[in-house]
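Me: I'd like to learn how to read a model like this one. Can we go through some features together?

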Amino acid sequence: MKRYNRKYEIAITDDKQNGYIFRAKMDRRRALSSAAKIAIGAGVAVVVAGGIAAYFATRPPEKIVETVIQEKTVVETVAGKEVTRTLVETVTPSPTIVTTTPTVRPTTPIRGGKLILQHRVQVRNLDPRRATSIDCLYVTLMTHDSLVRYSGDIDKGITIVPHLAESYRKIDEYRYEFKLRKGVKFHDGTELTARDVEYTMLTFWGFHDWNKKFVSPHSVFYAPYFDPEKLEVVDDYTIRIGTRDDYPNYGPFLWDLPRLSIIPEKASEEMGDRYNLNPIGTGPFKFVKWEEPVISLVRNDDYWVKGLPYLDAIDYVTITEPAVAEVRLLTGYVDLILGVPFKDIEAIDKTPGFGATSGRSWENCFLMINSIKPYLESKYVRQALLYAINKEAILKSVYQGHGIIGMPGYIPPWHWAYNPEIKPYPYDPSKAKDLLAKGGYPDGFRVELMVNNVYPWLDVAQMVKQDWEAIGIKVDIKPGEEEASYAFVFDLSYDIFLTRFNGGLLSYDPHGPHFTWLYGKMPEGFRDDIVKQKGGQYWPHGMWWGMWHGPEAEKAWDLIDKGAKTDDINKRKQIYGELQKIIAEEVAPAVQPIILANQLAAFKDTVHEFKQDFGGRFYAENIWIER
Amino acid sequence: MLLPIVVLGATIVVFVTVRVVPGDPALAAVGFWSGREQVELARKLLRLDQPIHVQYFLWLADVFRGDLGKSFFSYKPVSEELLRRLPVTAELSIFALIVGIVVGVPAGVISAVKRGSLYDKTARFFGVFGFSIAEFWLGMMLVIVFAVMLPLLPPGGYVEFSVDPVRHLKGMILPSISLGLPIAAIYSRMTRSSMLEVLMQDYIRTARAKGLYEKMVIYKHALRNALIPLITILGMNIGYLMSGAVLIETIFGLPGIGSYLYEAIISRDFPIIQGTVLVIALIFVLSNLIVDVTYSLIDPRIRHGREE
């Protein structure tokens, strides 16, 4: 203490030297102490740096994926009819991750345990009628059931199987009759009857008083086709559902039903908007609470499928930051994560104790092209845009091979409606330049490329910009949130929008949200000025964001309508084959797929029977955990 | 008297801003693929078809009745959700402030006292580094070091205190450090410069001339006077903590009002944005009021001045 004071006495006498007094008077003991501090600091720095270096050094190297084109023809039965399918693989994605179930593993399901499941997107709705995105669907599929379900997989073919309906049959060209299972209980203890199914249909389709207070976005699918007058409750366990008179033998009939989760009339009417916060269904898991970031579900002990579900409980957790989500998996805090970034999936898969799935899906990364812009009106220009993009490079570098190149006819190569004549536009910049000249823009033009401001779309946009600038098109990337970007789509002020759409989530049928929404006509009264200006016609619904117009578009609209008016799958295959040719040749401005991305998920290898379908759906009642 | 005007002004600015930026909440509420009729119905149900001033006064009337509205999507009452989330953000902010004060103030004091030394240079370097780095990056680095390499702490996620107090507190350590270290950097710089100024004063020289112990001079005479500007900064930091909490809570998955606001902005959930901003404005204004009152406790001259 004395020494301390002595030094300050000197400092007071000379302010200018105050700062350097310690250095001047440093004794041996203090010098040794400083040296020791420096040594400790350096040691800590070396350990931290070494740790970081070791962490990155032990990460598995990036895998190079080779492109292979394969074709195989399979004959299979879809919805009771025989159909020939040609499977075309433009790229072999990442076969190492298609299946990851380790070899040493119990095969008999074990009952019990809690699954902690994590996703990056916050759930907004738990009422299936208001659920519009995959994250909501993940949960509503656990709490609710539908009359019929999708079964099978992409390679073997997708079919429709009865679920809450014990059986169904077509009774005339408009109607199907469904026999319900008896003794099925909702979570509140009431029994499922045909009245609940009728109520569900009416509220989903938009024909009930409920729809005056709440919006069912799904009504856009059903209202133009399904007829509320033909909805008939025969008895407590029998219901008939029918289509409007102008849609006999409606092709998508059964394919559109899995999305209709059955709602209990009494609970829904009594609870009003609280139903969204306390959903009640017949599903394998009961809702407990929704307190962000966790939605808690418990086993439904009265589930109508005996022996299911295996799990006692599920916690659905939202963590928006992917890196943190992955670390939480790898450090054991969660069991399963959905929506893993493409660049990380292989590293997780190779980590001992963990597995991953990379399954094909209908998740489109596409270009939405506004054809009322003069420089995008010519099909040659639009073709040039596709020829100029090096899609394989995007698939390899951004998607790390987890996907396939999108087909210009829109239908994926694994779908029954796919026309095998349709192939991706090859990467050919010189042909693109010629087509640009043929379209009247030999020196290119300036275009605004709107894009979702997150990975991976922003990365794709950078590569597209580079490719287009190589053929003389000046590109201004305009990143924005998806919701905000759609405002520019709706007022048609955009040029090209690079975005995503998972049609498989909504329906496997090509009509459903696919052809009608993306290539159909606008609703009457919507954008009248533009439709009239372009001499267009109206369609009961449809987005028509690309404002596709002209004789080829009209041909396409006729084919879309024709394809919905038959349930003969071979006829539909033929009609849609022709339609795909037009869409591909015209580079139909609404939606031009570039990449069909895989659905990625990672999990502890103690998690069994987790399988996502083409739309990302999975059925949690089959999942079990090894303990 | 100005305080209510500041709060109302903030609500008006937010009310107008969220409606001016691109993005249609009616469209977001029903999904971008919905038909025109659904979008228009949603717009009507959400009262978005009214002129903006009507919407504002309707909202204000509800606020005075204690109703902050419901989420456009989930229909969860905003006030209910804010009450659940406020303690989480408050806890995070308090822990971050503690980190800021415990690390920053002593670092600044020692730095000033040992001016020009190796310690001072190191502290100044980390000071500049501390407030230059994004808390987002810092958070990620801390996760890599303390959750991956040395698996000591959980990498995000939230466990309620009532469920497991130990896991709850462990879960708050990394977010608090991520949010608190930049504050520590600011406090360290502020304390250093403030202390240096005070150490030059005549009364410090007098105190030393009296033969007081150096510790007594520094902590009793110098630090107390050097704290005044620091208290001002502390009040301003409430704003920083709230904005920082948006990112930190989002990264670490904490259910505070920051992550609530972030998600609401992304999805254009106006009632949540408006309600949360109102609460944040109130907290900001009240905390500054408290800071003003605290001045008189720290420096009796301020209180005496008023009395005279």
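Me: Which residues is Thr282(A) in contact with, leaving aside its neighbours within four places in sequence?
Reply: Keep in mind that this is a predicted model. Thr282(A) contacts His144(A), Asp145(A), Leu164(A), Val184(A), Lys185(A), Phe186(A), Leu192(A), Ile262(A) and Trp304(A). As for its place, look in the loop between helix H8 (265–271) and strand S10 (285–291) of chain A.

Me: Is Thr282(A) buried or exposed?
Reply: For this you count C-beta atoms around the residue, and 20 or more within 10 Å makes it buried. Thr282(A) has 27 others within 10 Å, so it is buried.

Me: How do I read which side of a helix is covered?
Reply: An α-helix has 3.6 residues a turn, so residues three or four places apart point the same way. Now take helix H13 (residues 429–438) of chain A, where Ala432(A), Leu435(A) and Leu436(A) are buried. These residues cover an arc of only 105° around the axis, so they sit on the same side of H13(A). Among what covers them is helix H11 (379–388) of chain A.

Me: What follows H13(A)?
Reply: Gly440(A), and its phi is positive, near 95°.

Me: And how many residues of helix H16 (residues 511–519) of chain A are buried?
Reply: Nine of the nine, so H16(A) is largely enclosed by the rest of the structure. The buried residues include His511(A), Pro513(A), Phe515(A) and Trp517(A). Their cover includes helix H7 (219–222), helix H18 (551–564) and helix H19 (569–586) of chain A.

Me: Let's turn to the core. Which residues touch the most other members of the largest nonpolar core?
Reply: Ala601(A) and Ala602(A) do, in a core of 243 residues. Helix H10 (residues 214–252) of chain B gives the most to this core, with 16 residues. Setting aside neighbours within four places in sequence, the contacts of Ala602(A) include Leu329(A), Ile337(A), Val340(A) and Phe354(A).

Key. Residues numbered from 1 in each chain as written. Chains lettered and ligands numbered in written order. Predicted model: local features only at pLDDT ≥ 70, side-chain atom pairs only at ≥ 80, totals over all residues. Core = buried A, V, L, I, M, F, W, Y, C linked by C-beta atoms within 7 Å. Buried ≥ 20, exposed ≤ 12 C-beta atoms within 10 Å, placed from the backbone. Helix = DSSP H or I, 4+ residues; strand = E, 2+ residues; numbered from the N terminus. Contact = placed C-beta atoms within 7 Å. Arc of directions from axis to C-beta.
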